[in-house]
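I am opening this notebook to record what I look up about how one chain is divided, and what lies where its parts meet. The sequence and structure come next.

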Amino acid sequence: MNSKSTNPSGTVGSLTQSDLLVVIANTVQDRLFLLQVEAGASFRFLCINDAFLKGTGLTREQVIGKRIDEIIPSPFHAFVHGKLQDVIRDKTTTLWTEHAVLLPEKHEGEVAVTPITDETGNVVQLAGVIRDINWRRNEEEEGRELTCHLIQLQDEERRRIGRELHDSTAQELAAVGMNIGLVLNRTEGGDTTNDTLLSDSLAIIEQCNRDIRTLAYLLHPPLLEDAGLSAASHEYVNGFSQRSGINVTIDVSPDLGRLPTATEQALFRVVQESLGNVHRHSGSTTAAIRIWREDDRVILEIKDQGHGLPPDMISAEDGRISKVGVGIAGMRERLRQLGGRFTIESNTQGTTVMAMVHTKRNEL
Ligand SMILES: Nc1ncnc2c1ncn2[C@@H]1O[C@H](COP(=O)(O)OP(=O)(O)O)[C@@H](O)[C@H]1O
Ligand SMILES: [Mg+2]
């Protein structure tokens, strides 16, 4: 501690040093405890911090002065006593991992216990920390793992449905179309109503076949695997512009080359999802896509000139975007998995989506 801020009586401001230690202990989010070692291999709680009480749901009165056996569930008594005896015997800080002692179900804790000795070298107290190492995992990472798993499942499912539609349904429809064409050829001129019905059916089947092929393509763009991000994006943008009436320009730097499959997949999905959002949400009649390299990064930008994200999605404080849908959450997660970055900037003049991935030229 800085001696200038400590006066001779050992106080800092209005706090004594022991008060300060209490403040610090209660700021620590891990569970801290101090045990008195008593005869007969008994251990009694002398001190605990707020995180200990918060984590166990007990009150200070329920813990202080109590033997550990009164606090810890009986199935773990032998385990904990064994560990504490190890600390006393070895006279050194001891670490272990445990699953259920004073921890919520399914959590794992890292425990560290340090012996405190008296002048004669006897261990009189034990100071310990329990860190709930699964806390963040449960809250945040399990959500991410789930999203990641869902994205993978979604990709596989899309690929499967896309192939099925293309290889099976579209071929069968084409066969039915051919049969109807043959029937029409043979009976044409016999009955006008029949002729009209057959040629209408033929037209409907051809339209269905086109729709199915488009859908199959959207679900699983074969060009992406064969020809890469640039070719697949150009082709996608052409089709999108025709269908939506939105004028989309695309500018891919000539030195882009092929990227790792996962990167191409992720960036292509960002193109698809973002153009879908431009169409559905932005009100813009134009959009511009750029993909370029900058040092060892590949950057994708999709800009529209629409009215921007709804104001309640953008925090007035820090500009962060919340209340996102599955689309934005999925794009973010895909980029996060690749160690890249995903950002959205939006105002009343339009929205810009950017995705950045680190990639080396020869990393394929
Ligand atoms: N380009 C855009 N322009 C305006 N608003 C947008 C744009 N992209 C996304 N949004 C807003 O963000 C919301 C969340 O988007 P998204 O996560 O893709 O989910 P969804 O498209 O299913 O609604 C949209 O509902 C929309 O309000
Ligand atoms: Mg969307």
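I looked up the division of the chain first: it is split into domain 1 (3-133), domain 2 (134-220) and domain 3 (227-364), with bounds that come from an automatic or database domain assignment. I note that this is a predicted model, in which local features need pLDDT of at least 70 and side-chain atom pairs count only at pLDDT 80 or more, while totals for chains, interfaces and linings use all residues. Residues are numbered from 1 along each chain as its sequence is written, and side-chain values use heavy atoms, with hydrogens and water left out.

Next I turned to domain 2 and domain 3, whose centres, taken over C-alpha atoms, are separated by 26 Å. Twelve residues of domain 2 are in contact with 13 residues of domain 3, where contact means heavy atoms within 4.5 Å. The area buried between these two domains is about 1000 Å², and carbon and sulfur atoms give 45% of that area; buried area is the accessible area (1.4 Å probe) that two parts lose on being put together, summed over both. On the side of domain 2, Ile151, Tyr217 and Leu218 supply 45% of the area buried against domain 3, more than any other three residues.

I then asked how many salt bridges are counted between domain 2 and domain 3. The count is one salt bridge, a term for a side-chain nitrogen of Lys or Arg within 4 Å of a carboxyl oxygen of Asp or Glu. Arginine 334 forms a salt bridge with aspartate 155, and their closest N and O atoms are 3.0 Å apart. The elements giving two or more residues to the side of domain 2 that touches domain 3 are α6 (135-187) and α7 (192-219), and α6 gives the most, with eight residues; helices (H or I, at least four residues) are DSSP runs, numbered from the N terminus.

I looked at Arginine 334 again and found that it lies in helix α11. Is Arginine 334 buried or exposed? Arginine 334 counts as buried because its relative accessible area is 10%, and buried means under 20% (1.4 Å probe, protein chains only). Arginine 334 touches Ile151, Gln154, Asp155, Arg158, Ala266 and Arg269, leaving aside residues up to four places away in sequence.

How values were computed
Chains are lettered from A and ligands numbered from 1 in the order in which they are written. Buried means under 20% relative accessible area, exposed over 50%, partly exposed in between (1.4 Å probe, protein chains only).
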